[in-house]
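I opened this entry to record what I looked up, one item at a time. The structure goes in first and my notes follow.

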Amino acid sequence: MSDDSTPLPTYLVRESLRAKRVTLRVSTRLGVEVVVPKGFDTHQVPGIVALRGDWLRGQVRRLTEQGWSPEPPTMPEALDLRALGRTLRIETAHAPRKPPRLTLSGPDCLLLSGDMDDAQACRAKVLTWIKEQARLLLVPWLRELSATCELPFERARIRAQKSRWGSCSARGTISLNCKLLFLPRPLARHVLLHELAHLRHLNHSPQFWALLHVLDQDAAARDPELSGAWRYVPRWLD
Ligand SMILES: [Zn+2]
């Protein structure tokens, strides 16, 4: 049965280097996402979404029943950086038409000043600050674990991906998602060890898992925990 009367849900378009074709994803975290391969002509997206309209409406109904709201998420009042055991309040000072600025206004307080209606610029400021914290704190932590485990890496990079916590390249570059700062410390540590283990096994072979279980004795509990870990990250940051 078709219900064309209901408007199509809003969606985000995300370009992915790994995508080979266009896929529609629906999740309580990101809502409706259209993932397209790099360089894809995005003018085609509305047509593709319309073709899957009935399926999409059904999915959104299901999400709504699970408590999802199509409203865009609001800025969090605080950043709970669990990996650091540190919570920072976000205070705002609205000044119309002024580009947002972010300053540390106290030991546990960030002040965001400027045009608060420019949500995208506000988000960018906060994300830049989180990336900087990750560079200052996650990278030395990775270096420390790398030395303890005797698994040296070549380079560490901080990124802000939507769907991965980290990655490791054949050249020994480890990329870490700055949002790892929101995870409980043992879980963030587990991700760091996971990427370090890839320096020896660049796959998810039984040998890789065996090594990871040696590095992190609680690995069996951490992996299932990790699949639900996006809930720790404020949705607003996506
Ligand atoms: Zn992996």
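**Starting point: V126**

The model is a predicted one. I placed V126 in helix α3. I then took the C-alpha separation between V126 and C178, which comes to 11 Å for two residues 52 apart along the chain.

**Whole chain**

I noted 6 helices and 10 strands for the protein chain. The C-alpha trace spans about 60 × 45 × 35 Å along its principal axes. I read 20% of the 238 residues as buried. Among contacts with a separation of 6 or more, 45% join residues 24 or more positions apart.

I also looked up the domain assignment, which gives domain 1 as 12-65 and domain 2 as 78-232. The centres of domain 1 and domain 2, taken over C-alpha atoms, are 26 Å apart.

**Core**

Which residues of the largest nonpolar core touch the most other members? I found A134, L176, L180, L181 and A188, in a core of 31 residues. I listed the elements that give two or more residues to this core: β4 (78-81), α3 (119-149), β10 (173-177), α4 (185-197) and α5 (206-215). The largest contribution is from α4, with 7 residues.

I followed L176 further. Leaving out residues up to four places away in sequence, L176 touches A134, L138, L142, A156, I158 and G166.

**Sheet**

I traced an open sheet of 3 strands in the order β8-β10-β9, and its pairing is mixed. I marked β8 (155-159) and β9 (166-168) as the edge strands, since each pairs on one side only. From one strand to the next the twist averages 15°.

In what sense do β9 and β10 pair? I have them as antiparallel, over 3 bridges. C168 stands opposite I174 in β10.

Which strands of the sheet does α3 touch? I found that α3 packs on the sheet through β8 and β10, with its direction at about 145° to that of β8. I also saw α4 packing on the sheet, where α4 touches β9 and β10. The direction of α4 makes about 15° with that of β9.

**Where I stopped**

Note on methods:
Residues are numbered from 1 along each chain as its sequence is written. This is a predicted model: local features need pLDDT of at least 70, side-chain atom pairs count only at pLDDT 80 or more; totals for chains, interfaces and linings use all residues. Helices (H or I, at least four residues) and strands (E, at least two) are DSSP runs, numbered from the N terminus. A residue is buried if 20 or more other C-beta atoms lie within 10 Å of its own, exposed if 12 or fewer, and partly exposed in between; C-beta atoms are placed from the backbone. Two residues are in contact if their C-beta atoms, placed from the backbone, lie within 7 Å. A nonpolar core is a set of buried Ala, Val, Leu, Ile, Met, Phe, Trp, Tyr and Cys residues joined through C-beta atoms within 7 Å. Domain bounds come from an automatic or database domain assignment. Two strands pair if DSSP finds at least two bridges between them. Axes are lines fitted to C-alpha atoms, for helices over the stretch in contact, and angles run from 0 to 180 degrees between N-to-C directions.
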